[in-house]
Amino acid sequence: MTYLQNHTILSSGDLDEVRESIKNLAARHDLDVKGRQADFHARVAAVERDDINLMHVTFGNARLSVESSEEDDDGLLLYLVTSGTGVAQHCGEELEFSANAGFMRDLAVPVSATEDDFGAVVLRLSKNKLKNHARSLVGDDVDLKGLRFNPAIDPATPGWNVFRHTVDYVAHNLDGPLRDVQNPFITTQMKDMLFTQCLSLLPNSYQDVMNGRAVTEIVPYYVKRARDHIHAHAHKKLGLADIAAAAGCGYRGLQKGFMDAYGKPPIAYLRTVRLKRVRTILKTELNGKTVAEVARQWGFSHMGRFAKDYQREFGELPSETIRKYV
């Protein structure tokens, strides 16, 4: 199958031109050819529709070395390998991949790889948009921790072939029947299908919740004490020193404990708790108060930053919440 043949944006043997093209579409990759330069010839195709960002890249018969530094705390690149083999170092692991396998790159973490005859469909994703999609499916009451995917996806992973077929379906339709159709309802349906299957079928920290299974992660007692203190005193002025004192541990241990348990440091966890309290009030009991008054009540003094944090957490602005629920 030739992916996105009607969306080819580059066909070139010029390394610098290829580097620039990929950087503008996905992330900066320092590519070098190992062996005969004549074996290198890249084809890059890409299509973007709202929150669907798909690429297909091939590099000819070349052996490549790839280096890419950390770049984006929110970004993910899911590679669905279509040809070739490779070995990557990512997230402290050495990962081998081949045709039909998957590889999830977290753009917050550097990667280095060696690739032979490599080709892949690349789906760019946002952690925050995936988190907001998960919340729309499971509800606000579920405590969604930091989203983490397993970097390596074996072809035998249950559900992987289903997800691959869905990506094939989306790529085929955006390249063919829907190439010139600008219909946001259809695009949203395809995006929702991709996001739902990504969260439900690929190994990640939300998978149990998405599939209705109980999460049995053990949280250390000192993290529980800190968590309970945050929930009980979220309306008061709290700093890291206050939370660490309530937990009975040092700053570094507390930070690590929260990152392991919730995917975020304690102060970020406190901010999420306060944002949820604000959202509850905006949905049910404004009682004549303005958004700014409610936000200040819960410790948000900078309205621009508050609105940005609120939108990142819930996928909508405070004003949109009021219009939706009040």
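## Close-up views of a predicted model

Of the 326 residues in the protein, 45% are buried. The model is predicted, and the legends below describe it as such.

**View 1. Overall architecture of the predicted chain.** The protein contains twelve helices and ten strands. Along the principal axes, its C-alpha atoms occupy a box of roughly 65 × 45 × 35 Å. Among contacts in the protein with a separation of 6 or more, 70% are made by residues 24 or more positions apart.

**View 2. The largest nonpolar core.** This core has 34 residues, and those with the most contacts inside it are L54, L78, L125, F149, F163 and L202. At least two core residues each are supplied by the strands β3 (40-49), β4 (52-60), β6 (75-90) and β9 (111-126), as well as by the helices α2 (127-138), α3 (160-175) and α4 (184-201). Helix α3 provides the largest share, six residues. In soluble globular proteins, nonpolar side chains tend to be buried together.

View 3. Apart from its neighbours within four places in sequence, L125 is in contact with D74, G75, L76, L78, M104, L130, F195 and C198.

**View 4. Setting of the buried lysine K264.** K264 lies in the loop between α8 (251-262) and α9 (266-284). Although buried, K264 has no salt bridge. The side chain of K264 instead makes a polar contact of 2.9 Å with the side chain of T272. Beyond the neighbours within four places in sequence, the contacts of K264 are K131, F258, M259, Y269 and T272.

**View 5. Salt bridge between D116 and R63.** The structure holds 18 salt bridges. In one of them, the side chains of D116 and R63 meet with an N to O distance of 2.7 Å. This pair links distant parts of the chain, with D116 in strand β9 and R63 in strand β5 (residues 63-68), 53 residues apart. R63 is partly exposed, its relative accessible area being 42%.

**View 6. Salt bridge between D72 and R124.** The closest N and O atoms of D72 and R124 are 2.9 Å apart. Here too the pair links distant parts of the chain: D72 belongs to the loop between β5 and β6, R124 to strand β9, and 52 residues separate them. Both partners are partly exposed, D72 at 24% relative accessibility and R124 with a relative accessible area of 23%.

View 7. D228 forms a salt bridge with R227, the closest N and O atoms lying 3.3 Å apart. D228 is partly exposed at a relative accessible area of 42%, and R227 is partly exposed at 22% relative accessibility. Elsewhere, salt bridges that share partners join D16, R19, D30 and D32 into one network.

**View 8. Cysteines without disulfides.** A search of the whole structure finds zero disulfides. For C91, the nearest cysteine sulfur is that of C198, 15 Å away; a disulfide would need the sulfur atoms to be within 2.5 Å, so C91 is in no disulfide. C91 is partly exposed, with a relative accessible area of 38%. C249 is likewise partly exposed, at 22% relative accessibility.

Key: Residues numbered from 1 in each chain as written. Predicted model: local features only at pLDDT ≥ 70, side-chain atom pairs only at ≥ 80, totals over all residues. Heavy atoms only, no water. Buried < 20%, exposed > 50% of the residue type's maximum accessible area, 1.4 Å probe, protein only. Helix = DSSP H or I, 4+ residues; strand = E, 2+ residues; numbered from the N terminus. Lys, Arg positive; Asp, Glu negative; His and termini not counted. Salt bridge = Lys/Arg side-chain N within 4 Å of Asp/Glu carboxyl O. Polar contact = N/O pair within 3.5 Å; in protein donor to acceptor, adjacent residues only side chain to side chain. Contact = heavy atoms within 4.5 Å. Core = buried A, V, L, I, M, F, W, Y, C linked by side-chain atoms within 4.5 Å.
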